[in-house]
Amino acid sequence: MLIGLFVLSTILWLQAIIDIVKTTFKRKIYKIIWICIVFFFPIIGSLIYFNLKKRNKRRKFQPNFDKTQRPDRF
């Protein structure tokens with residue numbers, strides 16, 4: 001069981017490092033900071049990174065419910 005936890009935490013850590021390298025940040029220093037955080041605090045840093053990344057992602061589907069632009073059907 002201990003080996004399984006080690007393998008899962010290693011996969012999470014590697015996935016975080018790969019995602020940080022592939023992601024474009026507004027400033028290059030942010031990428032360096034995230035790599036340092038995830039490198040020195042593998043499990044906690046990876047969880048924080050993925051949690052904050054998910055929270056900051058913009059929604060692609062943004063419906064417009066403005067009634068003035070929709071023609072009346074009845």
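Reply: Leaving aside residues up to four places away in sequence, Trp 34 touches Ile 20, Phe 25, Gly 45, Ile 48, Tyr 49 and Leu 52, a contact being heavy atoms within 4.5 Å. The model is predicted, so local features need pLDDT of at least 70 and side-chain atom pairs count only at pLDDT 80 or more, whereas totals for chains, interfaces and linings use all residues. Residues are numbered from 1 along each chain as its sequence is written, and side-chain values use heavy atoms, with hydrogens and water left out.

Trp 34 also belongs to the largest nonpolar core, whose five residues are Ala 16, Ile 20, Trp 34, Val 38 and Tyr 49. Such a core is a set of buried Ala, Val, Leu, Ile, Met, Phe, Trp, Tyr and Cys residues joined through side-chain atoms within 4.5 Å; buried means under 20% relative accessible area, exposed over 50%, and partly exposed in between (1.4 Å probe, protein chains only). Helices H1 and H2 (28-40) each supply at least two residues of this core; helices are DSSP runs of H or I, at least four residues, numbered from the N terminus.

In H1, the buried residues are Ser 9, Ala 16, Asp 19 and Ile 20. Seen down the axis of H1, these residues fall within an arc of 100 degrees, so they line one face of the helix; the arc is that of the directions from the helix axis to the C-beta atoms. The face turned away from the buried side of H1 carries the exposed residues Ile 3, Phe 6, Ile 11 and Lys 22.
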